[in-house]
Amino acid sequence: MENFLDFELPIIELQKKILDLKEYNNSIGINLSGEIKRLEDRLEDLEKEIYKEISPWDRVQISRHHNRPTCLDYIKELFTDFLELHGDRAYGEDPAIIGGIGRFEGKAVTIIGHQRGKDTKENIYRNFGMPHPEGYRKALRLMKQAEKFQRPIITFIDTKGAYPGKAAEERGQSQAIAQNLFEMAALEVPIISILIGEGGSGGALGIGVCNHLHILENSTYSVISPEGAAALLWKDASKAKEAADTMKITSYDLKKLGIVDTVISEIQGGAHKNLKKQALEIKKALQNSLTLFAELSTEELVAHRYNKYRKMGQLTYSSDTNLERVLVLN
């Protein structure tokens with residue numbers, strides 16, 4: 001009953017009433033099971049009602065929940081024999097990006113993902129999941145290694161964005177991300193990405209150029225945070241809720257726009273409610289993607305990735321002149 005979000009308050013209040021009634025029932029020895037059952041039925045209906053109608057801003061809050069499963073949580077549930085590899089062979093190690101090799105259902109794969117912390121100490125160590133350029137260079141090193149040994153690449157996206165600090169810029173942050181985009185576009189192995197939390201700007205894209213992009217139901221994907229968009233549009237970051245409503249950053253909006261391939265259903269209330277069940281849903285998506293791409297040649301894999309991004313928008317001509325072109329998102 002701790003760590004709840006604002007929109008969950010009616011659920012929490014009813015849960016507390018049920019617990020209080022159970023304690024009272026046990027203390028006085030009177031049978032109140034009928035009333036308890038009635039409240040439990042009401043709780044079940046209330047949860048379905050609230051979680052079915054949550055707003056884009058509510059989904060943003062769920063995607064940021066500090067108990068939301070991280071990349072390492074899913075690695076432990078989905079893969080065996082995971083061996084983490086470190087360093088970019090140029091500057092150093094970046095704990096904000098996890099990378100290594102492991103087995104998925106007995107098949108060797110390369111696993112890469114953003115890693116944030118769950119408490120203050122870990123968040124400081126992981127830089128709140130915001131990678132430095134050496135993190136992206138480490139990711140690219142492991143991707144090229146995967147290509148050499150013909151291992152599929154699986155990435156987990158969960159970052160507010162690449163670290164925007166002075167030191168990161170001095171070490172070539174934008175160049176490191178751009179290089180990853182360029183190289184990932186032509187890798188000759190399958191790349192499957194899972195959006196498990198926030199997907200923020202180029203920091204997400206730096207490990208997110210893929211053949212299939214799956215997104216958890218309550219995850220988000222955007223070029224800027226709702227707070228950042230509100231600050232730019234209205235000079236008021238407190239209008240983040242209004243910005244989230246218009247930005248089309250939620251899973252179902254992204255599916256309609258053709259940005260993501262599959263929306264993975266979440267456990268009612270969010271992935272943090274049951275890690276093991278959520279991992280099983282992700283496992284199904286990975287199985288489907290790996291089975292599909294195992295049948296494609298290297299040329300077909302690269303072509304599939306190229307066409308995936310080409311069809312995200314369409315080029316149309318204005319009625320006035322063929323010289324004027326307008327990019328219209330699907």
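**Close-up views of a predicted model**

View 1. Trp234 is partly exposed, at a relative accessible area of 37%. This value comes from a predicted model, as do the others below. Trp234 sits in helix H10, which covers residues 226-234. Together with Leu232 and Leu233, Trp234 makes a nonpolar surface patch. The patch covers about 340 Å².

**View 2. The largest pocket.** The largest pocket holds about 530 Å³ of space. Its lining counts 19 residues. Closest to the centre are Leu205, Tyr221, Ser222, Val223 and Ile259. What kinds of residue make up the lining of the largest pocket? The lining has 14 nonpolar residues, 4 polar and 1 charged.

**View 3. Elements around the largest pocket.** Three elements each supply at least two residues of the pocket lining: helix H9 (201-205), strand S7 (220-222) and helix H12 (251-257). Which of them gives the most? Helix H9 does, with 3 residues.

**View 4. The Glu77 and Lys276 salt bridge.** The structure holds 17 salt bridges. One of them pairs Glu77 with Lys276. Their closest N and O atoms are 3.3 Å apart. Glu77 belongs to helix H4 (residues 71-78) and Lys276 to helix H13 (residues 275-294), so the bridge ties together parts 199 residues apart in sequence. Are the two partners buried or exposed? Glu77 is partly exposed, at 32% relative accessibility. Lys276 is exposed, at 55%.

**View 5. The Glu183 and Lys144 salt bridge.** Here the side chains of Glu183 and Lys144 meet, with 3.4 Å from N to O. Glu183 lies in helix H8 (residues 173-185) and Lys144 in helix H6 (residues 133-148), so this pair ties together parts 39 residues apart in sequence. Lys144 is partly exposed, with 35% relative accessibility.

View 6. The side chains of Glu198 and Lys160 form a salt bridge, 3.1 Å from N to O. The pair links distant parts of the chain, 38 residues apart. Glu198 is in strand S5 (residues 191-200). Lys160 is in the loop between strand S4 (153-159) and helix H7 (166-170). Glu198 is buried, because its relative accessible area is 11% and buried means under 20%. Which residues share this network? Salt bridges with shared partners join Arg64, Lys160, Glu198 and Glu227 into one network.

Conventions. Residues are numbered from 1 along each chain as its sequence is written. This is a predicted model: local features need pLDDT of at least 70, side-chain atom pairs count only at pLDDT 80 or more; totals for chains, interfaces and linings use all residues. Side-chain values use heavy atoms; hydrogens and water are left out. On a 1 Å grid over the protein atoms alone, a cavity is a set of points where a 1.4 Å probe fits but cannot get out, and a pocket is an open set with protein on both sides within 12 Å along at least five of seven lines; lining residues have an atom within 4 Å of a point. Grid points are joined across faces, edges and corners, and a volume is the space filled by probe spheres set on the points. Helices (H or I, at least four residues) and strands (E, at least two) are DSSP runs, numbered from the N terminus. Ala, Val, Leu, Ile, Met, Phe, Trp, Tyr, Cys and Pro count as nonpolar, Asp, Glu, Lys and Arg as charged, and the others, Gly among them, as polar. Patches are made of residues with over 30% relative accessible area and no salt bridge: like charges are joined within 9 Å, nonpolar side chains (Val, Leu, Ile, Met, Phe, Trp, Tyr) within 5 Å. Accessible areas come from the Shrake-Rupley method with a 1.4 Å probe; for residues, only the protein chains shown count as cover. A salt bridge is a side-chain nitrogen of Lys or Arg within 4 Å of a carboxyl oxygen of Asp or Glu. Buried means under 20% relative accessible area, exposed over 50%, partly exposed in between (1.4 Å probe, protein chains only).
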